[in-house]
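Please look over the chain below before reading on.

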Amino acid sequence: MNNHDIQAAWKYHDSTKHSYWSIRNNPHFLDWPNRPQPFKIYPKLERLPLPRDVSQTGVAALSALSDALSSSRADSVPDLQDLARILYFSAGITKQRGSPGGEIYFRAAACTGALYEIELYIVTGDLAGLDAGVYHFNPADVSLQLLRKGDFRGNLAQATALEPAVAGAPVTIICTGTYWRNAWKYQARTYRHFGWDNGTLLANMLAVSAASGLPAKIVLGFVDADVNRVLDLDTRHEVSLCLVPIGHRSGSSPPTPSEAHALGLETIPLSQREVEYPSMLEMHDASSLASVQEVSQWRGKQPVVPPCGPAGGGVRLQPPPEEEQPKDTIEQVILRRGSTRAFEKRASITLAQLSTILDCATRSLQADFLESPGEQLNDLYLIVHSVQGLKPGAYFFRRDQNILELLREGGFRAEAHHLGLEQELPADACADVFFLADLKPILERYGNRGYRAVQLEAGAIGGKVYLAAYAQHLGATGLTFFDDDVVSFFSPHAKDKSAIFLLAMGKPRKRESR
């Protein structure tokens, strides 16, 4: 299939929409005895333990999220401690709890259903304490397992059409998605979750990299087959989603690409049996880039600039000055973060707290599919229930003016309850953030791969919302939704847009967070 045949994205998006009746008519149930293993395990490969006692950066979470930090080093080359810090605070285990299906290991970043289908690999040259090679990160024991010996960074540079961030990076982290680990619960909608769950993890990764003084960037433009080959993936089960080059070495050029022979490495099966959802494989195939020329063309087109009409009545957001903001470090906040399971119903947050969250979450995201500093694929709509200084109602966030534009005044807790799949969380929250996007110009610009980009961006912004909320000792949780009902609620303003993601925030009820 061709990336430019955008009917594939529309077909997948429309077929995976939730509605009141689609939920009730779905016979799917959770087969707990067949629940997937939470980790990818290579049983015959030696494990290289990563340092556990790495020094923390001491950088405030809100500063790390603001992307205003700069490295004092001419060459920003991570060492083994830097790498251990980034990997652990992106995907490491921070909590665990028993469940009917066995122990659940909660990770550093939020993930739908706590199923953690995103795997991390690194492709590195020689670093202090680590030889050049292709490695898999195992969160179970915070270790690396060597898949290929040697420097394969040239393969990534070639696959990304010599993307400068990749070509000059001492190490690149590759994020992959494992279909069945998430589809066990969410079926074909898992391909949307790839974007959300990869995005929340990337929010952590970019923030910790910034706090470590290391530049990092999300790279979505690459030849899929070439990157999958380097990792030796079985693409009916697991696929590469994005690359994140870490650090920079000035004056360096990537090595000559090496031949990546098939490895055939043994891995432990995730379940006794797996169910394949062809629509996800078709969507991934349709959004894949097949050549370096296609990558260059994909990256070189003009950005999407959504039209912006005149603003109605609204409130300008003003975060407090930096000296008045919480100083909890990025590591402290990640360790404290969870997905809030219940909100205090009568609680409220301040306008300053909401302003801080929206400001931090929508700062420029370093990604190759965003060409201008102010560009963003997703629009943010809010239902405000209880924010001091804001009337309850439906709002549109005008990022260019830093204004919450009032679309409709009123109490909408019942509507939020319905839109969030009839769950209590969005009704009890202080505010709900709905991510909507105009898919037509996005798909025309990026092809089917634009669908990956818009879901990934929503997850990354949502991940920053999580961290900014928890930095202020608030709570947040991601939720699913009734697609078309969300668009209808915010229309006519949201006419022709599509619902992408939902995140509720407020004050967590004590002893109800995980």
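This is a predicted model: local features need pLDDT of at least 70, side-chain atom pairs count only at pLDDT 80 or more; totals for chains, interfaces and linings use all residues.

Residues are numbered from 1 along each chain as its sequence is written, and side-chain values use heavy atoms, with hydrogens and water left out. Helices (H or I, at least four residues) and strands (E, at least two) are DSSP runs, numbered from the N terminus.

**The six-stranded sheet**

- Six strands form an open sheet with antiparallel pairing, in the order β1-β6-β5-β4-β7-β8. Two strands pair if DSSP finds at least two bridges between them.
- β1 (47-49) and β8 (238-246) are the edge strands, and each pairs on one side only.
- On average, neighbouring strands of this sheet are turned by 30° against each other, direction ignored. Axes here are lines fitted to C-alpha atoms, for helices over the stretch in contact, and angles run from 0 to 180 degrees between N-to-C directions.
- Strand β7 (residues 171-178) runs antiparallel to β8, and eight bridges join them.

**Val171 in β7**

- Val171 lies in strand β7, and its bridge partner in β8 is Ile246.
- Is Val171 buried or exposed? Val171 counts as buried, because its relative accessibility is 0%. Buried means under 20% relative accessible area, exposed over 50%, and partly exposed in between (1.4 Å probe, protein chains only).
- Neighbours within four places in sequence aside, Val171 is in contact with Pro78, Leu83, Ile122, Val123, Thr124, Leu127, Val244, Pro245 and Ile246. Contact means heavy atoms within 4.5 Å.
- Val171 and Gly475 are 304 residues apart along the chain, and their C-alpha atoms are separated by 34 Å.

- Helix α7 (residues 179-186) is mostly covered, with six of its eight residues buried.
- Those buried residues are Tyr179, Trp180, Arg181, Asn182, Ala183 and Trp184.
- They pack against β4 (118-124), β7, α8 (190-211), β8 and α10 (278-286).
- Just after α7, Gln187 has a positive phi of about 55°.
- Two packed helices are described by the angle between their axes and the distance between the axes.
- For α7 and α8, the angle is about 120° and the axes are 9 Å apart.
- The crossing of α7 and α8 is right-handed. A crossing is left-handed if the near helix is turned anticlockwise from the far one by less than a right angle, and right-handed if clockwise.
- On the α7 side, the contact uses Tyr179, Asn182, Ala183 and Tyr186; α8 supplies Thr190, Tyr191, His193, Phe194 and Asp197.
- The residues of this contact divide into five nonpolar, three polar and one charged. Ala, Val, Leu, Ile, Met, Phe, Trp, Tyr, Cys and Pro count as nonpolar, Asp, Glu, Lys and Arg as charged, and the others, Gly among them, as polar.

**Helices α13 and α17**

- The axes of α13 (residues 351-361) and α17 (residues 449-471) come within 8 Å and cross at roughly 140°.
- This crossing of α13 and α17 is right-handed.
- Ile357, Cys360 and Ala361 of α13 meet Ile461, Lys464, Val465, Ala468 and Ala469 of α17.
- The residues of the contact of α13 with α17 divide into seven nonpolar, no polar and one charged.

**Strands β16 and β17**

- Strand β16 (residues 475-479) is mostly covered: four of its five residues are buried.
- β16 pairs with strand β17 (residues 498-506) in the antiparallel sense, over five bridges.
- Gly475 has Gly506 as its bridge partner in β17.

**Ser55 in a loop**

- Ser55 sits in the loop between β1 and α3 (61-65).
- Ser55 is partly exposed, because its relative accessible area is 43%.
- Residues up to four places away in sequence not counted, Ser55 touches Gln81 and Arg85.
- The C-alpha atoms of Ser55 and Arg85 are separated by 8.2 Å, with the two residues 30 apart along the chain.

**Cysteines**

- How many disulfides does the structure hold? The structure holds zero disulfides. A disulfide is a pair of cysteine sulfur atoms within 2.5 Å.
- Cys111 is in no disulfide, and the nearest cysteine sulfur, that of Cys175, is 12 Å away.
- Cys111 counts as buried, at 12% relative accessibility.
- The sulfur of Cys360 is too far for a bond, because the closest cysteine sulfur, in Cys430, is 18 Å away.
- Cys360 also counts as buried, at 4% relative accessibility.
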